[in-house]
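This report sets out the ligand site, the sheets and selected backbone features of the structure shown below.

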Amino acid sequence: MPTHVKDLKVSGKRVFVRTDYNVPLDQAGRVTDDFRIRASLPTIEYLLEQGASVILASHLGRPNGSVVPEMSLKPVAEKLAELVQADVHFAPDCVGAEVASLVAALKPGEILMLENLRFHMAETDNAPDFSKQLARLADVYVNDAFGTAHRAHASNVGIVKHIKEVAAGFLLMKEIEFLVKAIESPERPFTVILGGSKVSGKIDLLKRLADVADNILIGGGMAFTFLSAAPLNHNVGSSLVEEDRLQFASDVIELCLDKGVNLVLPSDCIAARQITEAADARELPIRALEDDLMGLDIGGRTVISFNAILDSSKTVLWNGPMGVFEQTPFQDGTRSIARKLCDITKKGATTIVGGGDSAAALKKFGLAGCVTHTSTGGGASLELLSGIDLPAFEALKGAK
Ligand code: AMP
């Protein structure tokens, strides 16, 4: 394990904290979801209490090396200022002479937020010179950006070589502990509920789950590739099917049979001809899907069977919505599952939501915060759960 920030002496030091403030902004440039900002507070507050000065660095969006004013971190600095009891200054760039003088003027107990790292191509290129320039700003480096930990960039991998003291922040450690424990030593029965549009992207995860899960429940668009695959060979109308993943889906079905994993697929769905708010949606058994109908949510019978398994589970991992939850006619399945997760959490189950769309769904239904842990990183949590090393975490471990 890397050094935890609480094991460092930071009083009077300048601490560079890589956070993940890649948050959604509305057209007026206001932060519409401050979940990731709140999640970064334990580390920031700890450092301020210890008498450090804090330099915060993040990316926002994909400006691809250009200065894109709509992707400035200024609104994030303003939001952070509402949440912490400290002065939050803002730097117009993340490297250069002006930034250096702002850093020099920073007092213990104060925060300086740097402008979007990705305004420089060197960030995603992990360019050594850029890493060195960032490292020069501080005495200590703390990585707390779980959402970016699956990328090897200058501010989360390159920088580690150029700064003496490095550590993981509270959020990064908490994310890793929850997700690794869930997959390596879960309290059983351990149920995984997967959804979202595609099987691709979840290949490694599915292979690993077949070894560790007791139940795998599959909803969302990806269920239709499984339903179409041998040995089921269902006709699923115009539902989303990844032809090039049919063999993989068959292999997973067989693997689950071999290993005694209970793989459950939808028996019914909410079907429509278009994905619109005004769609004429109807509930149908899978076998009744006509050629021009798409399955766009799980149906009521499927919800009942999924919920019965969730009710008796001690650990649940949820990744991916059960339907096109962004549209009203197709949101009920995802909402029912989200409610059930909240319900079993109250009864003592450990429930973990893998970030991304599932976290967005919880928020949409007013259920954010009711599960045990919601990850701040969709992509990073998927890779970690799949058994893939996260470069940013490995870099911290490898540091002296
Ligand atoms: P992913 O990016 O693979 O995690 O997929 C997330 C997206 O899957 C969401 O935007 C949903 O609207 C979409 N989705 C969920 N269920 C379905 C479905 N049955 N058909 C098409 N898209 C779906």
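Which side-chain atom lies 2.5 Å from an oxygen atom of the ligand? A polar side-chain atom of Glu326 lies at that distance. The model is a predicted one, in which local features need pLDDT of at least 70 and side-chain atom pairs count only at pLDDT 80 or more, while totals for chains, interfaces and linings use all residues. Residues are numbered from 1 along each chain as its sequence is written, and side-chain values use heavy atoms, with hydrogens and water left out.

**Ligand site**

Ser197, Gly295, Gly323, Glu326 and Asp357 come nearest among the 14 residues around the ligand; a residue is near a molecule if one of its heavy atoms lies within 4 Å of it. This shell comprises four nonpolar, six polar and four charged residues. In that division Ala, Val, Leu, Ile, Met, Phe, Trp, Tyr, Cys and Pro count as nonpolar, Asp, Glu, Lys and Arg as charged, and the others, Gly among them, as polar.

| Residue | Protein atom | Distance to a ligand oxygen atom |
|---|---|---|
| Ser197 | backbone N or O | 2.8 Å |
| Lys198 | polar backbone atom | 3.5 Å |
| Glu326 | polar side-chain atom | 2.5 Å |

Taken alone, the ligand exposes 510 Å², of which the protein buries 76%; accessible areas come from the Shrake-Rupley method with a 1.4 Å probe.

**The sheet E9-E8-E7-E13-E14-E15**

Six strands in this order form an open sheet with parallel pairing. Helices (H or I, at least four residues) and strands (E, at least two) are DSSP runs, numbered from the N terminus, and two strands pair if DSSP finds at least two bridges between them. Strand E9 (262-264) and strand E15 (373-374) are the edge strands, each pairing on one side only. Strand E8 (residues 215-218) runs parallel to E9 and is joined to it by three bridges, with Asn215 opposite Asn262.

Helix H11 (residues 300-311) lies across strand E7 (190-194), E8, E9 and strand E13 (315-319), at about 150 degrees to E8. Helix H12 (residues 332-346) also packs on the sheet, where it touches E7, E13 and strand E14 (350-353), and its direction makes about 150 degrees with that of E13. Contact means heavy atoms within 4.5 Å. Axes are lines fitted to C-alpha atoms, for helices over the stretch in contact, and angles run from 0 to 180 degrees between N-to-C directions.

**The sheet E3-E4-E2-E1-E5-E6**

This open sheet has six strands in parallel pairing. Strand E3 (88-90) and strand E6 (165-168) stand at the edges with a single partner strand each, so one side of each is left without a neighbour in the sheet. Direction ignored, neighbouring strands are turned by 25 degrees against each other on average. Three bridges link the parallel strands E2 (residues 53-57) and E4 (residues 111-113), and Val54 stands opposite Ile111.

**Backbone features**

Most residues other than glycine have a negative phi, and most peptide bonds are trans. Arg188 and Pro189 are joined by a cis peptide bond with omega of about 0 degrees; Pro189 lies in the loop between helix H7 (170-184) and E7. A cis peptide bond also joins Ala230 and Pro231, with omega of about 5 degrees, and Pro231 is in the loop between helix H9 (222-228) and helix H10 (246-259). Asn126, in the loop between helix H5 (121-124) and helix H6 (128-135), has a positive phi near 55 degrees.

Conventions
Polar contact = N/O pair within 3.5 Å; in protein donor to acceptor, adjacent residues only side chain to side chain.
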